[in-house]
Amino acid sequence: QYVAVNGNLIDRKNAYIDIEDRGYQFGDGVYEVIRVYNGKMFTGNEHLERLWKSASSIGITIPHSREELKDLLEQLIQKNKLSLGTVYLQYTRGIAPRKHPFPSDDVKPTLVAYTKEVGRPEEKLHSGIKAIQTEDIRWLRCDIKSLNLLGNLLANQKAAEAGCDEAILNRDGRVTEGSHSNISIVKGGKIYTHPANNYILNGISRRVMLEICAREGIQVIEEPFTVKELQDADEIFLTGTTVEVMPVIELDGKSAGGGKPGPVTRKLQNWFKAEIENQCGR
Ligand code: PLP
């Protein structure tokens, strides 16, 4: 398996991380996970655009052009013969003696990228998943796709310990997002989802979902909803790069979102799949 380290594709066995890389010591960096279907990146440009935005929000200047990075990722996919899976990539602020202030400009960000074979979660997409809800204890810049994921990890671990796939987070009773997905509910035929501000990651799959809804004439209300409204929703679904449009059928051990994937969720799943096929082929 090849991996990309800075500009080069090398054998994974020869890749190493310096002990003073700021990503390793501080989680000082940004990342993306891009879905690959049929050997092609789905919404690749949108992911790269968000990566540049995340990096500039924390003062990291990416030392490649978007075209260079895209070429490199495409080469990586080809060399690893990846058909269905993901590309993970991250830039850290680089290698420097451990001090909180940013190092000088001659320290270049470190790029690491690799691919992974990941199938579509067919069974879960069909049956739906279980979730818990818990408090959102993360920082106030959740719009940045930062390597600092402890708040997300602690919540997701709680879900795992409860035998669930996702933890749905709330701030002061208002639902923000999942630990690694965005969340929407359906009530009376309308979709409700948290606005894309600093409290959530502006998910690319969420954006695809919004575009589909605009096209298909489904009303979406981008306003926070409460935990009570989540519990009382007609349907609940997650969106995310690996989960696509995922029904939630149980919350905190109780039947929720109608107890089975609902009609709006099913339609969205089909339209989402059509969008994938449109971009990446069948
Ligand atoms: N929210 C969080 C916290 C995430 O980690 C993710 C990543 O998958 C998402 C939302 C969904 O974003 P995207 O659709 O861009 O994968």
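Reply: Two strands count as paired if DSSP finds at least two bridges between them. The model is a predicted one. Within it, R35 stands opposite T86 in strand 5.

Me: What makes strand 3 and strand 5 a pair?
Reply: Strand 3 (residues 29-37) and strand 5 (residues 85-92) are joined over 8 bridges in the antiparallel sense. The criterion asks for at least two bridges, so the two strands pair.

Me: How do you know that strand 5 and strand 6 pair?
Reply: Strand 5 and strand 6 (residues 110-117) also run antiparallel to one another over 8 bridges. Because at least two are required, they qualify as a pair. Here V87 stands opposite T115 in strand 6.

Me: Why is K116 called partly exposed?
Reply: K116, which lies in strand 6, has 13 other C-beta atoms within 10 Å.

Me: Which residues is K116 in contact with, leaving aside its neighbours within four places in sequence?
Reply: They are G85, T86 and Y88. Contact requires C-beta atoms within 7 Å, so each of these three residues meets that limit with K116.

Me: What makes up the shell around the ligand by class?
Reply: The shell has 2 nonpolar, 9 polar and 2 charged residues. The closest residues to the ligand are L201, G203, I204, S205 and T241.

Methods: Residues are numbered from 1 along each chain as its sequence is written. This is a predicted model: local features need pLDDT of at least 70, side-chain atom pairs count only at pLDDT 80 or more; totals for chains, interfaces and linings use all residues. Helices (H or I, at least four residues) and strands (E, at least two) are DSSP runs, numbered from the N terminus. A residue is near a molecule or strand if its C-beta atom, placed from the backbone, lies within 6 Å of it. Ala, Val, Leu, Ile, Met, Phe, Trp, Tyr, Cys and Pro count as nonpolar, Asp, Glu, Lys and Arg as charged, and the others, Gly among them, as polar. A residue is buried if 20 or more other C-beta atoms lie within 10 Å of its own, exposed if 12 or fewer, and partly exposed in between; C-beta atoms are placed from the backbone. Two residues are in contact if their C-beta atoms, placed from the backbone, lie within 7 Å.
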